[in-house]
Amino acid sequence: MSSFVNITSSSPIFFLTGVPGLEVAHIWISIPFCCLYITALSGNRIILFTIITESSLHEPMYYFLSMLSTTDLGLCISTLVSMLGIFWFNARHISFHACVAQTFFIQLFTVMESSVLLAMAFDRFIAICNPLRYATILTDSRIVKVWFAILFRGTVILLPLALLLKRLSFCQSHVLHHSYCFHPDIIQLSCSDNKINSVLGLTALIVTAGVDSIFILLSYILIIKTVLSIASPEERHKAFSTCISHIGAVAIFYIPLISLCFVHRFGKRAPPYVHTLIANVYLLIPPVMNPIIYSVKTKQIRRAIKKVL
């Protein structure tokens with residue numbers, strides 16, 4: 001079952017491969033993936049529940065952290081059913097409309113996570129560079145507006161990509177080389193002109209994660225400049241320590257994303273399972289690691305979790 005020929009159907013059925021070349025080991029591969037999903041889902045739910053129930057955490061920094069946990073949960077849920085369905089039940093078939101929906105939500109939560117990380121960088125910039133106006137700038141109402149702006153931005157940028165997938169024709173192979181519907185994977189299977197899909201996909205990546213990463217970098221340049229002007233070493237250490245968790249979250253989001261882009265661009269000769277595993281890591285590592293980083297590095301979160309539990 002290497003391909004499906006479906007020329008006339010307006011709603012083709014796709015075939016998810018799982019991990020190419022390692023199909024016989026899917027049951028064993030499912031064990032670490034299942035552990036990662038359990039860790040990500042439970043960790044982010046605990047963070048959310050703790051922030052909601054603990055009044056001492058009702059501050060801008062922790063509101064943004066709750067947004068990060070929400071997007072991480074969305075990323076996990078977007079791939080959970082299809083990935084574990086392949087590994088456990090060999091359920092590899094997915095309809096075209098379900099595939100487009102999954103692609104949209106994966107991209108949406110990825111863009112939202114990038115936007116939340118930018119908002120958290122702005123939060124740290126205000127807290128360190130203009131602490132006297134922190135409470136007046138980041139009010140509750142403005143934080144709610146930021147959340148809706150993040151959701152609106154992602155939807156407006158990515159909805160056209162999903163709609164444009166529906167204009168493509170698929171008349172040869174319907175085999176997707178990942179454990180979930182991946183936008184570049186889908187457009188490569190098309191037998192019609194997919195240039196506009198490819199260009200818009202790259203443009204969406206640049207204007208979201210690309211632009212966000214530049215502004216995050218600029219924020220930290222200004223933060224470092226401000227911290228270095230502080231005379232007391234203790235105050236410098238205290239200021240930098242408030243940024244450690246966020247820097248870790250930024251690293252575990254952008255490093256897998258950049259690695260995935262490089263593998264798809266320059267790793268043509270790499271075994272197929274390398275592409276798939278890196279794509280899975282890119283979606284799973286941030287949701288798994290973010291609760292751990294903030295629980296370990298943020299005393300207030302650690303104390304609140306102990307109190308709640």
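The stops below concern a predicted model and treat annotated spans, a pair of helices and a disulfide.

**Stop 1: the annotated spans.** Select residues 27-51, 63-88, 94-122, 143-165, 199-223, 244-267 and 273-296, which an unreviewed UniProt entry annotates as "transmembrane region". Within residues 94-122, 93% of the span is helix and 7% is strand, and the C-alpha atoms at the ends are 40 Å apart. Residues 199-223 are 100% helix and 0% strand, with 35 Å between the end C-alpha atoms.

**Stop 2: two helices side by side.** Now select helix α3 (residues 96-129) together with helix α7 (residues 195-228); their axes come within 9 Å and cross at roughly 15°. Because angles under 35 degrees count as roughly parallel, α3 is roughly parallel to α7. The crossing of α3 past α7 is left-handed.

**Stop 3: the contact between them.** Display the side chains where α3 meets α7. On the α3 side, the residues include Val111, Leu118, Arg124 and Phe125; on the α7 side, they include Asp212, Phe215, Tyr220 and Ile223. The contact residues comprise 14 nonpolar, 5 polar and 2 charged.

**Stop 4: a disulfide.** The structure contains 2 disulfides. Select Cys99 and Cys181, which form one of them, with sulfur atoms 1.9 Å apart. The S-S torsion of this pair is about -120°, so the disulfide is left-handed. Cys99 belongs to helix α3, whereas Cys181 lies in the loop between β3 (175-176) and α6 (183-188), so the pair ties together parts that are 82 residues apart in sequence.

Terms used
Residues numbered from 1 in each chain as written. Predicted model: local features only at pLDDT ≥ 70, side-chain atom pairs only at ≥ 80, totals over all residues. Heavy atoms only, no water. Axes fitted to C-alpha atoms, helices over the stretch in contact; angles between N-to-C directions. Helix = DSSP H or I, 4+ residues; strand = E, 2+ residues; numbered from the N terminus. Parallel < 35°, antiparallel > 145°, perpendicular 65-115°, else oblique. Left-handed = near helix turned anticlockwise from the far one by under 90°. Contact = heavy atoms within 4.5 Å. Nonpolar A, V, L, I, M, F, W, Y, C, P; charged D, E, K, R; others polar. UniProt positions renumbered as here; feature names shortened; annotations may be inferred. Disulfide = S-S within 2.5 Å.
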